[in-house]
Amino acid sequence: MAVSIESRPHAIGDLMMFTATCESGDSSASFGDMVSEIFMAQVQATDGTATALTCAIDGTDLAWTALGRAGRISVIAKR
């Protein structure tokens with residue numbers, strides 16, 4: 001199981017937006033080597049209709065309740 005962070009983040013001034021994918025059973029990710037602080041993060045299953053879940057943010061690390069299926073992560077952070 002692995003989280004794959006897209007290699008092309010979006011930049012708006014000193015803000016960065018990342019997207020990533022997660023596999024069934026994943027429940028955490030770290031962005032510490034890319035950003036200094038995370039402001040917002042959510043994860044949502046990629047198949048069917050699903051409600052987005054907020055992620056617990058601890059500095060540059062994220063944790064969420066495992067989706068039980070593949071999903072997409074969205075993050076807004078400071079460089």
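F18 and F31 are both buried, meaning under 20% relative accessible area with a 1.4 Å probe, protein chains only (over 50% would be exposed, in between partly exposed). This is a predicted model, where local features need pLDDT of at least 70, side-chain atom pairs need 80 or more, and totals for chains, interfaces and linings use all residues. Numbering starts from 1 along each chain as its sequence is written, and side-chain values use heavy atoms, without hydrogens or water.

The count comes to 1 aromatic pair. Here, rings of Phe, Tyr and Trp (its six-membered ring) pair if their centres lie within 6.5 Å; planes under 30 degrees apart are stacked, over 60 edge-to-face, the rest tilted. F18 and F31 make a tilted pair, 5.7 Å centre to centre with 55° between the planes. F18 sits in strand β3 and F31 in the loop between β4 and β5, 13 residues apart. Strands are DSSP runs of E, at least two residues, numbered from the N terminus.

## The core

What does the largest nonpolar core look like? It has 18 residues, and F31, I38, V43, L62, W64, I73 and V75 have the most contacts inside it. Such a core joins buried Ala, Val, Leu, Ile, Met, Phe, Trp, Tyr and Cys residues through side-chain atoms within 4.5 Å. Strands β3 (15-22), β5 (37-45) and β9 (71-78) each give two or more residues to this core.

Now for a sheet: 3 strands form an open one in the order β4-β8-β7, with antiparallel pairing. Two strands pair if DSSP finds at least two bridges between them. The edge strands are β4 (28-30) and β7 (56-58). Between β7 and β8 (residues 61-63) there are 3 bridges, and D58 has D61 in β8 as its bridge partner.

Technical notes:
Helices (H or I, at least four residues) and strands (E, at least two) are DSSP runs, numbered from the N terminus.
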